[in-house]
Structure formats: C-alpha cells, structure tokens
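Student: I'm new to this structure. Could you show me how to read a few of its features?

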Amino acid sequence: METYLLKFSACLFVFWLVYVLLLERQKMHQLKRFYLLGSVILALVIPLLTITYYIEPIVPDFEVAQTFIPIEPIYEVMEEVTPPFWNLEKILWLIYGIGVLVFFGRFVINLFKMFKRIAGHEKVLERSFIYVLLEELRIPHSFFKYIFFNQSKYQTNAIPKEVILHEETHAKQLHSIDIIIIELLQIVFWFHPLVYILKHHIKLNHEFLADQAVLQEGIDTKTYQNILLQFSSNTDEYQLSSAINYSSIKKRFTVMKTQTSKTKIWISSLLLLPIITILYYSFAEKEYVEKDNTDLVQQIKDELDEADKLEMIYVEEASEKLMQEYRDFIETVEKTKLIRGNKYERAYTIYYDLMSNEQRASVKPLPKVPNINLTDINTKRPPVSEFNSWKDPSEYALWLNGESIPNSKLNNLSVTDIVYYSGSFVHKNARSNKFPQSYQYHLYTKVGFEKTYIESDIKKYNALTKQYSIALNNYLQGLKIESSDLQILKARLDRLYKSFTKEELKKHDILSAQPIPSENKEQVKAYIKKIKNMKP
C-alpha cells in the first residue's frame, strides 16, 4: 500500500508540474481538460501495471549450483508474544477511515441538497436545459443539465445573456462529470494535497472553457469581464456545481488575452507521450519470465519414456526396518517432547508415503508440527511501530535473509523493504553470549523471501536429487541388500515432484526421479550407464 501511494504521488506530481509549467496559461482548454482527467486516471493505473520481460531459461548445473542445506529445526512449545492491539499502523488506519467517512458523508449531503434544490423549486425547460428558479439570492450555477438562477432576476430579464451562455456551456460540456470524478477521488485520497490542487485546476479550466465559448460569440472582452465581476462569488458553497468564482477572475482575465497557435498545441500534445512513457517504465511493476522452451518439455517426456522401459521395483509397504525406525521416533518424541526436523521428515515419509493402510493403523499417528511447507507461508509486512522497536539492540537480535545483522542496519531500510518477518521470545536458558537479547526476529526482503520460502521446495528437490543420484549409483554397484534410504529419498522426491506446477517444472528444468531398478544384471548395467550420464 505504501509503495503504491508513493508511486501514485510521484506520477501525479509530475503530471501536475508539466501542467503548471507548460499548459495552464495556454489557450488549449479542451486538451487541458482531458489532460487533467487523464493524469489522475494514469496516476492511479500506472503503478498497477506490469512490464513483462522475457528472458532465456537458465538450466541448473549441479556442478556449479549452490546446494541448499536446510538448518535442522527443533520444534518445542514456545511462549507466544501477543503484540499490543493498538499500534501506530492501526491508529493511522483508524484516522484514515474516519476521514473517508467524513468526506463521503459530506459528498452525500451535498448531493442530497442539490437534488432537494432541484425538486423544491420551479423549473423552466429551455431547449436541452432545465432552468431551476430559486427564491433565495444566489449566483447562477449549473449541475449537469440543470442551471440555477434567481427567480426574480430571471423573470425581470436582469441576468445578462453572457452569464446564461456561460452556464449553458458548463451544462452542454458536462463539466459536472469531471467534478463528480474528482470529488470521489477526494473521498479516497482526502489526505493528499495534490488531489485538492488538481481539483482547483479542473474547476478553473471549466471556467476557461465557458469563457472561451462566450467570447467566440462575438461578445466584447471588456464588457464580459465587467459582468463576471458582478456575478462572481468567493464562497465554497457550490461544491458539486459550476459557478463563477471571484478568486480565479484575475487568472481568467489573463488567459482571455492569450493566443495559442495550432503548432504549439500539436507540440504540447506530442510532448505528453514521452512523459507518459517515462512514468510507465519508471513506476510500473517489473516481471521477468523465462521464454517457453518446447525442447525441455520433450526432454522430460523422453526421460519418462526411457524409464518406463526398465523393470522397476514398486514398494507397496514399508520394510520392517523402516517400521522399527518409525516406532523408535514416536517413542523418543513421547519421552523428550522434542521433534527434530530431519528425523521428522523421515518419519513423515515412512508414515504417509511408504506404509500401507494396515501398517499405518498398527502404529501411533504422526504428531503435527507447524509450517512444514514453507511455500504455504504468505507475505507479512511489519507495522511501522514494531519495525522501529527492532532498532533496540538490547532487546532484539536480528537476521536479514538468514544472516545476522546489527540493529543499526534497519536505519538503511524501510518497512516497505520487508515482505515477511517472524520472531519469538527467547527463554533465559536458551540465550547465548553472542545473542543475549530477549527476542529474536528473522526479516526477509522480496529476494530473500523468494529464495527462502517460495523457492524452498525447488532447492530441496535439487539437493535431494543429487543425494538420490549418488545413493542410487552406490546401491546399483554394491550388493543391493538394503534400500531403505533409497526408498525414503525416492518417496520424498515423488511427493515434491507432484506438488510442482507445469510452469515450475519447465522454468526450473525439473525431471522426475528415476525409479529404483530391479536386480536383473543386464538392466542394472544399463541403468548404471544412464545414471552416470544423467545430470542430477
């Protein structure tokens, strides 16, 4: 949200600066009208757009690729830290919500007053316009096709034709649509000064358009200017309507005398294109996608077809050795109340992947542990108040993307740089001389989060594939008496492989694990040759 707001503000500021420096005092009011509305829309949309870059796919090479070696976690019951309900972020959101409600209520009240004014007074149909005759003394103003005049002045023909034409221009050109759009934007961005500035420019340009329409009818400029002074107002009473405003008179008089050539209009229009292009490439999101590689898909199919030609061992149940390993694991957990991550992973594979239904029913069920699948973890940005509290080195030990960092490093980062964090209270007996703090927090940037969490299964699969290739080669060249470890590795690889999408298989060049072959000597020799030529 913070990033979007910054990008929106930057785009809007550039558009506003271009308008003030190049366009405002030029007599190209139709172009300026569409520019002002378009700049608001583009500022809203550009940060939401995505630029996709297609790059050549990278084929991983285990000879040079970094091996992912996960740190073994130990699960235990930790004291949960409950943050205070009210923090700076929640307070700011509360203030924002109150502001939205206030401005929305103001908009609804003004709209209700407008319709009440239309319904409660005499109306006169004049061509495609509807004159609403008011008993109270108000300056002429318009709202869509409704034009409001003082009843007595209208009936005594005391309203100059220039003023009538001015208001009819507002109605004819539907300036109320622009005002409604900017009012709705103001509800959402009530705190943003540039929105108010743009609103002023939009309303002022409406007056330029109406003035231009009057003068094009051959009305004398001096006469018209005197009439404007008589029928102008300096109040903010006409929020949803177009009315002659006194504060803008001087600038309008200046613009009336300005002449702008068609060449200048064309040049100004063409200059807007590179500005929009620069903003688009500067503030749109960037996405890098590997090109489709049809050869890779065919390679995967060929590998699977060749594997199917060999006679394979399909294990339908866990061996007695694996069953005993699982029973020992359960007994250790019940005694120590601790679960070590690497042993849990083996037990998980034995229980869910290798045991038959009958075997699974004969043993105690596998205990649950949190967050086994790292790829299921969603991004989580810290509140500003909590982020600032981490700068205290006496209370917090910090890691960034898996590496220990000094707390002062947060001075070079902002909340928007952190896409995920986790932390916990550290009991006194678990603290060390190096990290004596009461709390430990792990922070991740976008790149670190993707490598640690989103791509964790990819790295795990690559590491397991290498282990499996070495173990399988040793098994085939040995006595082939015990294959328990191979079975566990193969089951883990199969489970991970099934979890990948087609896009992930193609992007990371993931091949399915070769099955454990039979003990036929000829097939074993052929398979050894294949393993040696296979990239893990």
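Student: At what angle do the axes of helix α1 and helix α7 cross?

Tutor: Keep in mind that this is a predicted model. In general, two packed helices are described by the angle between their axes and the distance between the axes. Here, α1 (residues 2–23) and α7 (residues 193–215) cross at roughly 35°, and their axes come within 11 Å. The crossing is left-handed.

Student: Which residues of α1 and α7 meet?

Tutor: From α1, they are Ser9, Leu12, Phe13, Trp16, Tyr19 and Val20. Their partners in α7 are Leu194, Val195, Ile197, Leu198, His201 and Asn205. Sorted by class, that contact has 9 nonpolar residues, 3 polar ones and no charged ones.

Student: Now helix α8. Which of its residues are buried, and where do they sit around the axis?

Tutor: The general idea is that an α-helix has 3.6 residues a turn, so residues three or four places apart point the same way. In α8 (residues 221–230), the buried ones are Tyr224, Gln225, Ile227 and Leu228. These four are on the same side of α8 because they cover an arc of only 160° around the axis. They pack against α5, α7 and α9, while Lys222 and Gln230 are exposed on the other side.

Student: What caps the N-terminal end of α8?

Tutor: That's aspartate 220, with a side-chain oxygen 3.3 Å from the backbone nitrogen of lysine 222.

Student: Is histidine 170 buried or exposed?

Tutor: Histidine 170, found in α5, counts as buried because its relative accessibility is 2%. Its side chain makes polar contacts with the side chains of histidine 175 (2.8 Å) and glutamate 207 (3.2 Å).

Key:
Residues numbered from 1 in each chain as written. Predicted model: local features only at pLDDT ≥ 70, side-chain atom pairs only at ≥ 80, totals over all residues. Heavy atoms only, no water. Axes fitted to C-alpha atoms, helices over the stretch in contact; angles between N-to-C directions. Helix = DSSP H or I, 4+ residues; strand = E, 2+ residues; numbered from the N terminus. Left-handed = near helix turned anticlockwise from the far one by under 90°. Contact = heavy atoms within 4.5 Å. Nonpolar A, V, L, I, M, F, W, Y, C, P; charged D, E, K, R; others polar. Buried < 20%, exposed > 50% of the residue type's maximum accessible area, 1.4 Å probe, protein only. Polar contact = N/O pair within 3.5 Å; in protein donor to acceptor, adjacent residues only side chain to side chain. Arc of directions from axis to C-beta.
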